[in-house]
Amino acid sequence: MPQQKIIAIMGPTASGKTAAALAIAREIPAEIISVDSALVYRDMNIGTAKPNADELAAAPHHLIDIIDPSESYSVAQFLNDSARLVKEIQGRGKLPILVGGTMMYYKALLNGIDDLPPADSTIRAQLDADMAIIGASGLHARLTEVDPITAARLQANDSQRIQRALEIYQLTGQAMSTLIAQQTRAAAAFELFAISLEPSDRSFLHDRIAQRFDLMLEQGFIDEVRQLKQRPELNADLPSIRCVGYRQAWDYLDGRINYQEMRERGIIATRQLAKRQLTWCRSIPDRIIVDCIQNNVSEQVLNHARITIQASL
């Protein structure tokens, strides 16, 4: 019997992935595994476009609201959690559906990840202290000296990845790029059947992004960020607060930008995210493309799901 493929619904933000997944779940016993690095955080609901109560009740959801915004969630953790959940869901006789737009998670599912040393709290604390003094650009310059290959592919303000590369160098005495080049990746835990929701007209997606951001503002997004800002352990450099929209709202509440600038920057940042997501999607081999502008997107996705399930029987 052929191995059952795992359905993955991917695509840029605001392309209708949740609705498509729920269309499958209404017809086929299924459970949804979130592939979204923002949905893991508790108390971050409006700005992440987290599924609402009715959507969450329509089918079991996983990897949503699993950590505090002060914590971090790695690609390795996602791989472990998703592999475990797929087995558990299949054990219950249901269909696992991977849904979300964090493309580095999909890449890891398809290609595996590099075997690098775990985080070291002492080194991280020192790098955080250095960051406060010389900033991300200073750390980027330091990385250029010890690992120019990694430094060249990172933006000078990408503090999280810059610190990780410096941490690996301090732990091993070798550049992260050198360690990665020496490794052989493990095989994927399961086979994905990728359905990618992609717009035939990007301006349509841009309009939808703007409309959704305005709706978030109407729903109380600024108040949500204000509540987070009252927590002394949270700051603008955390992965949670660096999520699209949250950083702009944080800057607004800090008085760095006005309300209109916050709105414009939030929409622009979301559009840039969507562009990166589309680029990643197009690199996925053998994906099925569904035009997310069409009215029958969910019906098309459901039909593709039926076909791949039948082929696995």
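**Ground rules.** I number residues from 1 along each chain as its sequence is written, and my side-chain values use heavy atoms, with hydrogens and water left out. Since the model is predicted, local features need pLDDT of at least 70 and side-chain atom pairs count only at pLDDT 80 or more, while totals for chains, interfaces and linings use all residues.

**The sheet.** I took helices (H or I, at least four residues) and strands (E, at least two) as DSSP runs, numbered from the N terminus. Two strands pair if DSSP finds at least two bridges between them. I then traced an open sheet of 6 strands, with parallel pairing and the order E3-E2-E4-E1-E5-E6. I looked up the E3 end next: strand E2 (residues 30–34) pairs with E3 in the parallel sense over 2 bridges. Isoleucine 32 has histidine 61 in E3 as its bridge partner.

**Helix H4.** I found helix H4 (residues 103–111) lying across strands E1 (6–10), E4 (95–99) and E5 (192–198). Contact here means heavy atoms within 4.5 Å. H4 runs at about 155 degrees to E1; axes are lines fitted to C-alpha atoms, for helices over the stretch in contact, and angles run from 0 to 180 degrees between N-to-C directions.

**Aromatic pairs.** Rings of Phe, Tyr and Trp (its six-membered ring) pair if their centres lie within 6.5 Å; planes under 30 degrees apart are stacked, over 60 edge-to-face, and the rest tilted. My count by this rule is 4 aromatic pairs. Phenylalanine 78 and tyrosine 105 are stacked, at 4.2 Å centre to centre with 10 degrees between the planes. Phenylalanine 78 sits in helix H3 (residues 75–91) and tyrosine 105 in helix H4, so this pair ties together parts 27 residues apart in sequence.

Phenylalanine 221 and tyrosine 246 form an edge-to-face pair, 5.0 Å centre to centre and 90 degrees between the planes. Phenylalanine 221 belongs to helix H10 and tyrosine 246 to helix H11, so the pair ties together parts 25 residues apart in sequence. I also noted that ring pairs link Phe213, Phe221 and Tyr246 into a cluster.

**Helix H11.** The buried residues of H11 (residues 246–253) are Tyr246, Gln248, Ala249, Trp250 and Asp251. They pack against helix H10 (221–229) and helix H12 (259–282). Just after H11, I spotted glycine 255 with a positive phi of about 85 degrees.

Methods
Buried < 20%, exposed > 50% of the residue type's maximum accessible area, 1.4 Å probe, protein only.
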